[in-house]
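This report describes selected local features of one structure, taken in turn. The sequence and the structure are shown first.

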Amino acid sequence: MKQDAELRAALLRAIGEVIAGHAEELTSLDQAIGDGDHGINMKRGFEAVMGDAAALTSKPWPDFLKAVGMTLVMKVGGASGPLFGTLFMTLGKELPPEPRAGDVVKALRAAIVAVQARGKSEAGQKTMLDVLIPVAEQLEAGNLSLDQLKEKALGSAEATKPLRAIRGRASFLGDRSIGHVDPGARSSALMIGAVVDVLKEVA
Ligand code: ADP
Ligand code: MG
């Protein structure tokens, strides 16, 4: 299982780095249609996760993911903390200790359903779901190509630009939310891209 612990560590490192490297971008996206804290929130959350990385990555996949989710709930804050926390915690609840690709696809859908329940939100409302759902759909359609997954995630975040926000702080702006990429969609895409980059190295 040492191999798996190394994979967990590599995944955390990659996500932590991409969030830290794009914190300013996420903040400026949130300045346009929110309160400008998304970059700081996410960076704080993943710094806390990274600070505990050795203890976290020594846990098997389900406990690892649950613990990451709990840290995100506590440390990210805002609307996105509980939502990303729910995403990771549900992945942990759904995955078996030795997950296969099919398990991951199913767990991702369950995690999205949990985020939707928590956020009372659905596709098309200019949120993180507008990245998570298209990525899940692509996987469910049997397309497990890592390159295409990353492309789908990044493209779906970009595609939130013309949408009008219906959920979250950006919804207060009504039509003025149109023309900006949703910060949570962008951070979701960055995280998925980081996961893909790591998986490509081990694949
Ligand atoms: P806050 O809006 O409280 O300042 P953040 O700035 O950290 O929190 O996160 C904002 C992001 O959270 C949005 O860009 C959006 O993607 C996501 N979000 C907000 N509300 C919801 C919701 N109800 N369902 C899904 N995602 C949401
Ligand atoms: Mg915000």
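## Asn41 and its surroundings

Leaving aside neighbours within four places in sequence, Asn41 is in contact with Lys75, Val76, Gly77 and Gly78, where contact means heavy atoms within 4.5 Å. Asn41 lies in helix α3; helices (H or I, at least four residues) and strands (E, at least two) are DSSP runs, numbered from the N terminus. Asn41 counts as buried because its relative accessibility is 6%. Buried means under 20% relative accessible area, exposed over 50%, and partly exposed in between, with a 1.4 Å probe and protein chains only.

The model is predicted: local features need pLDDT of at least 70 and side-chain atom pairs count only at pLDDT 80 or more, while totals for chains, interfaces and linings use all residues. Residues are numbered from 1 along each chain as its sequence is written, chains are lettered from A and ligands numbered from 1 in the order in which they are written, and side-chain values use heavy atoms, with hydrogens and water left out.

## The magnesium site

Asp30, Asp35 and Asp37 coordinate the magnesium ion (ligand 2), each through OD, at 2.0 to 2.2 Å. Donors are N, O and S atoms within 2.8 Å of the metal (3.2 Å for Na, K and Ca); water is not among the atoms, so sites may look incomplete. The spacing of the donor residues in sequence is D-x4-D-x1-D.

Two of these residues can be described by their accessibility. Asp30 is buried, because its relative accessibility is 9%. Asp35, at 36% relative accessibility, counts as partly exposed.

The buried residues of α2 are Ala23, Leu26, Thr27, Leu29, Asp30 and Ile33. They cover an arc of only 160 degrees around the axis, which means that they lie on the same side of α2; the arc is that of the directions from the helix axis to the C-beta atoms. An α-helix has 3.6 residues a turn, so residues three or four places apart point the same way. Exposed residues Glu24 and Gln31 are carried on the face of α2 turned away from its buried side.

Two packed helices are described by the angle between their axes and the distance between the axes. Helix α2 (residues 23-33) packs with helix α3 (residues 38-51) at an angle of about 140 degrees, and their axes are 6 Å apart. Axes are lines fitted to C-alpha atoms, for helices over the stretch in contact, and angles run from 0 to 180 degrees between N-to-C directions. The two helices are therefore oblique to each other: angles under 35 degrees count as roughly parallel, over 145 as roughly antiparallel, 65 to 115 as roughly perpendicular and the rest as oblique. On the α2 side, Ala23, Leu26, Thr27 and Asp30 meet His38, Gly39, Ile40 and Lys43 in α3. By class, this contact has 3 nonpolar, 3 polar and 2 charged residues. Ala, Val, Leu, Ile, Met, Phe, Trp, Tyr, Cys and Pro count as nonpolar, Asp, Glu, Lys and Arg as charged, and the others, Gly among them, as polar.

## Helix α10 and its partners

The axis of helix α8 (residues 129-140) comes within 7 Å of that of helix α10 (residues 183-202), and the two cross at roughly 40 degrees. This makes α8 oblique to α10. From α8, Val131, Leu132 and Val135 take part in the contact, and from α10, Ala185, Ser188, Ala189 and Ile192. The residues of this contact divide into 6 nonpolar, 1 polar and no charged.

Helix α9 (residues 146-158) also packs with α10: their axes come within 8 Å and cross at roughly 170 degrees. Helices α9 and α10 are therefore roughly antiparallel to each other. Residues of this contact include Leu146, Leu149 and Ala153 of α9 and Ala189, Ile192 and Val196 of α10. By class, the contact has 10 nonpolar, 1 polar and 5 charged residues.

## Two residues of helix α6

Ser80 lies in helix α6 (residues 80-94) and is buried, with a relative accessible area of 8%. Not counting residues up to four places away in sequence, Ser80 touches His38, Met42, Gly85 and Met128.

Leu91 is also found in α6 and is buried, with a relative accessible area of 15%. Beyond residues up to four places away in sequence, Leu91 touches Leu65, Ala107, Leu108 and Ala111. Leu91 and Gly69 are 22 residues apart in sequence, and their C-alpha atoms are 9.0 Å apart in space.
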